[in-house]
Amino acid sequence: MSSNAKRPVGIDGMFFGVDLKGDALNVENVVLVNEYAKKANVVDAVSYYVTDPESDASKNIQKALESSFPKSEDRIKTTWALRDVDASHWETEKFTKENLERMKIHGLLPSAKFDESWYSKVVKESNAWVESWVADDLETALELRKKGAHAMITNVPESLIEGIKQFCMNGENFDKAIAALAKMRT
């Protein structure tokens, strides 16, 4: 991707989210992906999703990144993936700005299923970038926006973007936007 093809995303500019799962989430792959992103100049920041930032695996990845790249380089982010089915992830007191800084977490990736009160508290207290998953329909996307999410992950980007356009073109009338989106899909 040429630098002209970049389009800003959120407050951090263009970023590349890496969701390495299972055995693929290891130090070698994280360093390799970051090196590629840096050399190709495809993004301004690389975000790694971890489900347990205090695990040895997550700490090893952070140490490898710190030793592989200059400390002044702020393009490498670690994002905490949060699942609503994990009871410990509902405990909002751990998402303070200070605690996230201690764990070197720069962003949160919560499920869309956390409720509005959870989002309100976490977004306010963490002061972190919040990218939610998964918004595959306009209703969920609008709910996430209302909850304070800065960005969202979707499996149907074209449909969701078109739905948001319809929402805005219809004077932000939700019912009209949903009807327009439903028509578009048929």
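Strand β5 (residues 129-133) and strand β6 (residues 151-153) run parallel and are joined by 3 bridges, where two strands count as paired if DSSP finds at least two bridges between them. Glu-131 stands opposite Ala-151 in β6. From β5 the chain passes through α5 to β6, a right-handed β-α-β crossover; right-handed means that, with the strands pointing away from the viewer, the path from the first strand over the helix to the second runs clockwise. Strands (E, at least two residues) and helices (H or I, at least four) are DSSP runs numbered from the N terminus.

The model is predicted: local features need pLDDT of at least 70 and side-chain atom pairs count only at pLDDT 80 or more, while totals for chains, interfaces and linings use all residues. Residues are numbered from 1 along each chain as its sequence is written, and side-chain values use heavy atoms, with hydrogens and water left out.

β5 also pairs with strand β4 (residues 107-110), in the parallel sense and over 2 bridges. Here Gly-107 stands opposite Trp-129 in β5. β4, α4 and β5 form a right-handed β-α-β unit.

Of the 5 residues of β5, 4 are buried, that is, under 20% relative accessible area, with exposed set at over 50% and partly exposed in between (1.4 Å probe, protein chains only). In a regular strand the side chains alternate between the two faces of the sheet. In β4 both faces are covered: Gly-107 and Leu-109 are buried on one side, Leu-108 and Pro-110 on the other.

Helix α4 (residues 116-126) and helix α5 (residues 138-147) meet at an angle of about 45 degrees, with their axes 9 Å apart. The axes are lines fitted to C-alpha atoms, for helices over the stretch in contact, and angles run from 0 to 180 degrees between N-to-C directions. α4 is therefore oblique to α5, the class left after under 35 degrees (roughly parallel), over 145 (roughly antiparallel) and 65 to 115 (roughly perpendicular). Glu-116, Tyr-119, Ser-120 and Val-123 in α4 meet Leu-144, Lys-146 and Lys-147 in α5, contact being heavy atoms within 4.5 Å. These residues divide into 3 nonpolar, 1 polar and 3 charged.

Leaving aside residues up to four places away in sequence, Ala-141 touches Ala-135, Met-152 and Leu-160. Ala-141 and Gly-163 lie 22 residues apart in sequence and 9.6 Å apart in space, C-alpha to C-alpha.

How values were computed
Ala, Val, Leu, Ile, Met, Phe, Trp, Tyr, Cys and Pro count as nonpolar, Asp, Glu, Lys and Arg as charged, and the others, Gly among them, as polar.
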